[in-house]
Amino acid sequence: MSNTARSASLHIMVVDDDRAVRYVLTEALRDAGFLVHAFDSADAALAALANGERVDLVFTDVRMPGTGGLDFLDALRQRDASLPVVVMSAYTDVATTAGAFRGGANDYLPKPFDLDTPVQLARDLLKARAPEAAPDALPIDEGAPVLVGQSAPMRELFRAIGRFAQLPLSVLVTGETGTGKELVARALHAESPRATRPFVALNTAAIPAELLESELFGHEAGAFTGANKRHIGRFEQANGGTLFLDEIGDMPAALQTRLLRVLAEGEFFRVGGRELIRVDVRVIAATHQDLAVRVRDGRFREDLLHRLDVLRVSLPPLRERREDIPLLAAGFVAEAAQAMALGTRRLAPAAMERLLQHAFPGNVRELRNLCFRLVALALGERIPASAVDAALRDAGAASGETGGSAWRRALDAEVRRRLAADEQGMAEVLRGAFDETLITAALEHHHGHRQRAAEQLGIGRNTVARKLGPGRRGRKSNLDS
């Protein structure tokens, strides 16, 4: 039997109030050999199912008149828990996406989409015929900062949030600086049964070590010099809710021991206190560091790592999800324009291209700051590419990166990449590459004049020849002397 014949025996339901989406998706799936039945509302689809309509897979929009997509998903789950369902939406935020997976969706398809994607999803899901139920939870607060993205890494992140939110277990959020680790923690809290209880955040690296214990556990009046009254710590403030501990890798060793006991027993004493305080707190910790390396170096307790790293959520750097840059940038520009009451602002296509070419070592935080700067300095509604170029130059100069840390950041990233790949003997390779780059650039700057290049670099001319190697020594410029 041919693939088309096998597909033709499989029925797919497409539910979307947008006629254009219904048409193109239906045609794409039919071209792939499936039998497709399209409906402009969930109510019409439910009526067809009640009349005996056969279905093996459902594609449904989220926001529709009448019964919404998530309520439709719930009704489908009640009818057949094993029915594969793909939720579609143009609203690629964590509340919508996590809500879909929480309700039992098998996958999430952000709009607009390439038509090959739903066809492949249909093939994979119908082949597997295995649902992925996600836990029930409460919706995220309206107006709260949210994670957005259409890329595969972000879809996987949303799926993890949808699955982990209701579980009463510690979560370790990892990712580079600026990727949005606190947003993940807030989303996990907002999607959990603790959503109506406090969410308390503390950056452990921002608090002096001598004050961190009091910030975490509180203190009694007179516990130390300057302690004039009782202070309630973050654990007590978060009782019944969630405590987010950012940069956990920088926590002093003594406090790691106290934290371990609280995680194990749910109780502690305030600094200078004798009353045993019991709390019910879910801890979400975050770090940009490799805690396993810090454990090997003796700077982090292994037993604490095991307590924190029960569930792990890893945030991708922006460079690994560049397809999300246009969505993020457009959102940040709109946010900035609204905050400054400047009316409509938008990025020109060439300006967006410049953003797509930038490395964004500071990740989403850097992109947001850049967009706010662009809006603040924009002379009109349309932000040109030249404004992006100027803002990037100014940002680099302000941070010292044009002549200082930019190359170090790039080198650091390269070293870490090679370490992760378990490369051996990299020091010699990198030194050789550094020397060659340095000397080649200097020679090009001085039009091949070795003496001038050597003088500016502060090395001998013979060193230039030796570092270039035998294959380059004989290449003399007419300007060389």
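Helices and strands here are DSSP runs, numbered from the N terminus. I keep that in mind for every element name below, including α15 and α16, the helices on either side of the loop that holds Phe360. The model I am reading is a predicted one.

**Entry 1: the loop residue Phe360**

I looked up Phe360 and found it in the loop between α15 and α16. Its phi is near 50°, which is a positive value in a residue other than glycine. Is Phe360 buried or exposed? Its relative accessibility is 1%, and the cut-off for buried is under 20%, so I count Phe360 as buried.

**Entry 2: the chain as a whole**

I then stepped back to the whole chain. I noted 22 helices and 14 strands in its secondary structure. The chain has 481 residues, and 46% of them are buried. I also checked the contacts with a separation of 6 or more: 71% of these are between residues 24 or more positions apart.

**Entry 3: helix α14**

I picked α14, which covers residues 325-339 and has 15 residues. From first C-alpha to last, α14 reaches 21 Å, close to the 21 Å expected at 1.5 Å a residue. Which residues of α14 are buried? I wrote down Ile325, Leu328, Ala329, Phe332, Val333, Ala336 and Ala337. They cover an arc of only 160° around the axis, so they lie on the same side of α14.

Next I asked what covers these buried residues. After α14 comes Ala341, and its phi is positive, near 55°.

**Entry 4: helices α7 and α8**

I looked at how α7 (residues 152-164) packs with α8 (residues 181-190). The angle is about 40° and the axes are 9 Å apart. Angles under 35 degrees would count as roughly parallel and those of 65 to 115 as roughly perpendicular, so α7 and α8 are oblique to each other. I recorded their crossing as right-handed. On the α7 side the contact is made by Leu157, Ile161 and Phe164, and on the α8 side by Val184, Ala187 and Leu188.

**Entry 5: Glu247**

I went to the loop between β8 (242-246) and α11 (253-265), where Glu247 has its place. Glu247 is not a glycine, yet its phi is positive, about 50°. Its relative accessibility is 11%, so Glu247 counts as buried.

I found Ala209 in helix α9, residues 209-217. Its relative accessible area is 46%, so Ala209 is partly exposed. I checked Ala209 against Asp250, which is 41 residues away along the chain, and their C-alpha atoms are separated by 9.6 Å.

Phe269 lies in strand β9, residues 267-269. At a relative accessible area of 32%, Phe269 is partly exposed. Phe269 and Gly218 are 51 residues apart in sequence, while the distance from C-alpha to C-alpha is 8.4 Å. What does Phe269 touch, leaving aside its neighbours within four places in sequence? I listed its contacts as Phe217, Arg258, Arg274, Glu275 and Leu276. One of these, Phe217, falls within the residues of α9, and Arg258 falls within those of α11.

Conventions: Residues numbered from 1 in each chain as written. Predicted model: local features only at pLDDT ≥ 70, side-chain atom pairs only at ≥ 80, totals over all residues. Heavy atoms only, no water. Helix = DSSP H or I, 4+ residues; strand = E, 2+ residues; numbered from the N terminus. Expected span 1.5 Å × (residues − 1). Buried < 20%, exposed > 50% of the residue type's maximum accessible area, 1.4 Å probe, protein only. Arc of directions from axis to C-beta. Contact = heavy atoms within 4.5 Å. Axes fitted to C-alpha atoms, helices over the stretch in contact; angles between N-to-C directions. Parallel < 35°, antiparallel > 145°, perpendicular 65-115°, else oblique. Left-handed = near helix turned anticlockwise from the far one by under 90°.
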